[in-house]
Amino acid sequence: MSSHPEVSRALFDQVMVPNYAPSDVIPVSGKGARVWDQQGRDFIDFAGGIAVNCLGHSHPALVEALKTQGEKLWHVSNIWTNEPALRLAQKLVDATFAEKVFFANSGAEANEAALKLARRYAIDTYHQDKVDIIAFNQGFHGRTFFTVTAGGQKAYSDGFGPKPGAIHHVDYNDLDALAATINDNTCAVMIEPLQGEGGVIPPSHEFIKGVRELCDKHNALLIFDEVQTGVGRTGELFAYMGLGVEPDILTSAKALGGGFPIAAMLTSTAIAEHFKVGTHGSTYGGNPLACAVAEAAFDIVNTASVLDGVKQKSQIFQQKLEQLNQEFGIFKDIRGAGLLVGAELIDEMQGKARDILVASSDAGLMVLVAGANVLRFAPSLVITDEEIETGFERLSQAIAKVVNS
Ligand SMILES: Cc1ncc(COP(=O)(O)O)c(C=O)c1O
């Protein structure tokens, strides 16, 4: 196993902007749901790069697509289109409500495009004052200034001077609050169809249907941020399909490229046409290399075997978490959809999610947190039973360590 003693965690503190606090572990390779660090220690990956590596690490089909496209054409500007982008867009259109696709490089960029498009559409179609955006407390939509302001977490959005205006927040799952805030000046409601970073919180059926109805009543566009929930994560190709509520604009990133940076904004022709030539763009958006990898990932994820497998593995995850809870009694709620699973800690364990993450790493397991009190799991959609089994053995060791400390 390769080791690079000169490239150590200490180097991070010397040469990197200190906006992250990475673990001492430096991963160097991965296969399936296993990762190896510089010292050759193996980890089971229940994090999937925060819901990114939908087919695990080094999936042969993605490696093949990357190599094949890498030897043909990496990049042309959007002055030209390219075959992989058109093929991928066609597949996204065929598989969803959407008729048009805009490609970007990250979730934040796709959301930025969605918010700008919603405003432009409303100004063109209705009037100059129809620019208000409603989003949800504890939501997360990315780190550009527009998207971080739409996200409902002041810790991320404050301290950078004047924020983009006309953005309002209400509580998730509180339809009355939305009804009291939405009006004819609202151009869009932006929502995660299951809050990820905010604590793995699913919407109630009544709430999400009500959001759609209120948007219709006030001619506001409904934007589903499916950056975390999209591309198979919930056991549906996109989460909206399981909810029975169709958005007007949908954003996708993370799993879309299976680990290669790419994002997409999907919408109808009638809305899309308000992004006329020159109104918006991206140098790298829709580059052939990213689109070729994403197409290969999409072809695999968008199959009954993978999507059914997610539902089945979801049950295994939830059962295993229940078993751990019988042993340790540390969770007050286990929830989520598909392979986006959250386990909320009991009151006596408040703030201990990060301790469990660190103890898991020591035990050879990568997990995530969502806030201070929720453990979050977003593994490969094709994680094997054996990998799940080993991962839970390690999680049990980690929890025992934290509980007994
Ligand atoms: C729901 C949601 N939207 C947007 C983003 C931002 O995506 P990116 O980090 O690719 O900009 C994230 C990232 O965690 C997310 O979970």
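The model is predicted: local features need pLDDT of at least 70, side-chain atom pairs count only at pLDDT 80 or more, and totals for chains, interfaces and linings use all residues. Residues are numbered from 1 along each chain as its sequence is written.

Helices (H or I, at least four residues) and strands (E, at least two) are DSSP runs, numbered from the N terminus. Two strands pair if DSSP finds at least two bridges between them. Strands of a sheet pair through backbone hydrogen bonds, either parallel or antiparallel.

Val35 stands opposite Phe43 in β3.

Strand β4 (residues 100–104) is mostly covered, with 4 of its 5 residues buried. A residue is buried if 20 or more other C-beta atoms lie within 10 Å of its own, exposed if 12 or fewer, and partly exposed in between; C-beta atoms are placed from the backbone. Strand β4 runs antiparallel to β10 (residues 263–267), and 5 bridges join them. Ala104 has Ala263 in β10 as its bridge partner.

The ligand is surrounded by 15 residues, and the closest are Ser106, Gly107, Ala108, Gly142 and Val227.

The UniProt annotation "binding site" (unreviewed entry) covers Gly107, Ala108, Phe140, Asp225, Glu226, Val227, Gln228 and Thr283. These positions spread over 177 residues of sequence and up to 24.7 Å in space between C-alpha atoms. UniProt positions follow the numbering used here, feature names are shortened, and annotations may be inferred rather than shown by experiment.

Phe140 lies in the loop between β5 (132–136) and α6 (145–150). Phe140 is buried because 26 other C-beta atoms lie within 10 Å. Gln228 lies in the loop between β8 (221–225) and α10 (239–243). Gln228 counts as buried because it has 28 C-beta neighbours inside 10 Å.

Conventions. Near = placed C-beta within 6 Å.
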